[in-house]
Amino acid sequence: MNKLKLIFAFCFMLSMITLVACGDDVVSEDASEVTARVTTITALEAELMMLDDVIIVDVRNQDEFVGGHIPGAILLPAPEIRENAERMLPDKNQVILVYCRSGARSAAAARELVSLGYTEVYDFGGILDWHGEIVGG
């Protein structure tokens, strides 16, 4: 009986190791994998990254953008990303910082950009958390 328990334990451990080691290769890309490739950062981290060459993308609507936005941001409303991203963001390897009002749209927009092949996408949430300069409005 002890031999049977030992064999069972060995098989169980082997299957767990296989699941952990090969799990990512077994499943095709899905929403959770796209989400995993989006880096979420704080507004402060975004502000520091803005000292370098980055593109800041505001995914709110036109009225919100006109009401106040981060200096240098371009407007690419979340519903228009699929149809306009490649025209407005031609370099898919450029660092892109995405924000909205509170963080929900920016998270979805960042996932959309990654699914379109953009490789350096950072979601820093909403302008409500922004403590830097705001222009317009």
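The questions and answers below concern a predicted model of a protein chain.

Residues are numbered from 1 along each chain as its sequence is written, and side-chain values use heavy atoms, with hydrogens and water left out. Because this is a predicted model, local features need pLDDT of at least 70 and side-chain atom pairs count only at pLDDT 80 or more, whereas totals for chains, interfaces and linings use all residues.

Q: What pattern does the secondary structure of the protein chain follow along the sequence?
A: Helices (H or I, at least four residues) and strands (E, at least two) are taken as DSSP runs, numbered from the N terminus. On that basis the protein chain has six helices and five strands. Read along the sequence, their pattern is α-α-β-α-β-α-β-α-β-α-β.

Q: What percentage of the residues of the protein chain count as buried?
A: A residue is buried under 20% relative accessible area, exposed over 50% and partly exposed in between, with a 1.4 Å probe and protein chains only. Of the 137 residues of the protein chain, the share that counts as buried is 34%.

Q: Is Asp 58 buried or exposed?
A: Asp 58 belongs to strand β2, which spans residues 55-58. Its relative accessibility is 0%, so Asp 58 counts as buried.

Q: At what distance does a polar contact join the side chains of Asp 58 and Arg 60?
A: A polar contact is a pair of N or O atoms within 3.5 Å; within protein, one must be able to donate a hydrogen and the other to accept it, and residues adjacent in sequence count only if both atoms are side-chain atoms. The side chains of Asp 58 and Arg 60 are joined by such a contact, and its length is 2.7 Å.

Q: Which residue has the backbone oxygen that the side chain of His 69 reaches?
A: His 69 sits in the loop between α4 (62-67) and β3 (74-75), and with a relative accessible area of 15% it is buried. Contact means heavy atoms within 4.5 Å, and, leaving aside neighbours within four places in sequence, His 69 is in contact with residues including Asp 58, Arg 60 and Tyr 99. At 2.9 Å, its side chain reaches the backbone oxygen of Phe 65.

Q: Is His 131 buried or exposed?
A: His 131 lies in the segment after β5 (120-126). In sequence, His 131 and Ala 43 are 88 residues apart, while in space they are 7.7 Å apart, C-alpha to C-alpha. The relative accessible area of His 131 is 76%, so this residue is exposed.

Q: At roughly what angle do the axes of helix α5 and helix α6 cross?
A: Axes are lines fitted to C-alpha atoms, for helices over the stretch in contact, and angles run from 0 to 180 degrees between N-to-C directions. Ile 81, Arg 82 and Ala 85 in α5 meet Ala 109, Glu 112, Leu 113 and Ser 115 in α6. The axes of α5 (residues 81-88) and α6 (residues 104-115) come within 10 Å, and they cross at roughly 65°.
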